[in-house]
Amino acid sequence: MPHDHSDHPHALLPPDPALRVKALETILTRKGLIDPATLDEIIDIYQNKIGPQNGARVVAKAWSDPAFKARLLADATAVVADLGYFGRQGEHMVVVENTPEQHNMVVCTLCSCYPWPLLGIPPGWYKSDAYRARAVREPRKVLADFGVTLSGESSVRVWDSTAEVRYLILPMRPAGTEGLSEEELAELVTRDSMIGTGLPKVPS
């Protein structure tokens, strides 16, 4: 059978995901299909130039400007595109707001759909089978694993990100931040708080 041939690349890949990625990169480089320098540049762009800081700016602006927040919740795709955050993995955006009554979190149960233009490259745990399965089944336990404990009055809603729609959580603004600028507010917004598995930082 063709799939039993040991010289097929997939037969040579190790079981560990990180090692599989490295092995696959090595195979594709040797075949001349990718340039490692270009790949490193793409990763650097998403980690350091297109990353959670973009989403943090959006959240900080929503905290500071009620009119902007209303537009963001009504049509996130258009609003974030106007700010220059658009492109691959960010074509159809929906922003959902955390409130004292409802906490939201995002998962992609099929793969790892994620709003790259706003949050950069998804963390490893977001792509893991364990998170994808448990987030839907036992969201409160998953939140507890991340150090987030909700009151009994707060419900949890899990949003399933797909190829058609990607979600960003608008976390609740921390108390005691009334006098902060948008730039200072953005410093309080964490990547996990925009996925729903964390909370914003508390100002010191």
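## Aspartate 192 and its partner

At 18% relative accessibility, aspartate 192 counts as buried, where buried means under 20% relative accessible area, exposed over 50%, and partly exposed in between, computed with a 1.4 Å probe and protein chains only. Its side chain meets that of arginine 191 in a salt bridge of 3.0 Å, N to O, a salt bridge being a side-chain nitrogen of Lys or Arg within 4 Å of a carboxyl oxygen of Asp or Glu. Arginine 191, for its part, has a relative accessible area of 29% and is therefore partly exposed.

## Basis of the model

This is a predicted model, in which local features need pLDDT of at least 70 and side-chain atom pairs count only at pLDDT 80 or more, whereas totals for chains, interfaces and linings use all residues. Residues are numbered from 1 along each chain as its sequence is written, and side-chain values use heavy atoms, with hydrogens and water left out.

## The chain as a whole

The protein chain holds 12 helices and 4 strands; helices (H or I, at least four residues) and strands (E, at least two) are DSSP runs, numbered from the N terminus. Of its 204 residues, 36% are buried, and the accessible surface comes to about 11,600 Å², with 57% of that area belonging to carbon and sulfur atoms; accessible areas come from the Shrake-Rupley method with a 1.4 Å probe, and for residues only the protein chains shown count as cover.

Among contacts between residues at least 6 apart in sequence, 66% join residues at least 24 apart, a contact meaning heavy atoms within 4.5 Å.

By the salt-bridge rule the count comes to 6. One of them pairs aspartate 129 with arginine 132, the closest N and O atoms being 3.2 Å apart, and both residues lie in helix α9 (residues 129-137), 3 residues apart, which is about one turn of the helix.

Another bridge, of 2.9 Å from N to O, brings together the side chains of arginine 134 and aspartate 145. This pair links distant parts of the chain, since arginine 134 is in helix α9 and aspartate 145 in helix α10 (residues 139-145), 11 residues apart. Arginine 134 counts as partly exposed at 23% relative accessibility, and aspartate 145 counts as exposed at 55%.

Serine 154, placed in the loop between α10 and β3 (155-160), counts as buried because its relative accessibility is 5%. Not counting residues up to four places away in sequence, serine 154 touches Pro100, Glu101, Gln102, His103 and Arg140. Serine 154 and glutamine 102 are 52 residues apart in sequence, yet their C-alpha atoms are 5.2 Å apart in space.

Tyrosine 167, in strand β4 (residues 166-170), is likewise buried, at 13% relative accessibility. Leaving aside neighbours within four places in sequence, tyrosine 167 is in contact with Met93, Val94, Val106, Pro115, Trp159, Asp160 and Ser161. Between tyrosine 167 and valine 96 there are 7.3 Å in space, C-alpha to C-alpha, although the two are 71 residues apart in sequence.

## A negative patch on the surface

Glu182, Glu183, Glu184 and Glu187 gather on the surface in a patch of negative charge. Patches are made of residues with over 30% relative accessible area and no salt bridge, like charges being joined within 9 Å and nonpolar side chains (Val, Leu, Ile, Met, Phe, Trp, Tyr) within 5 Å.

Notes:
Lys, Arg positive; Asp, Glu negative; His and termini not counted. Charge placed at Lys NZ, Arg CZ, Asp CG, Glu CD.
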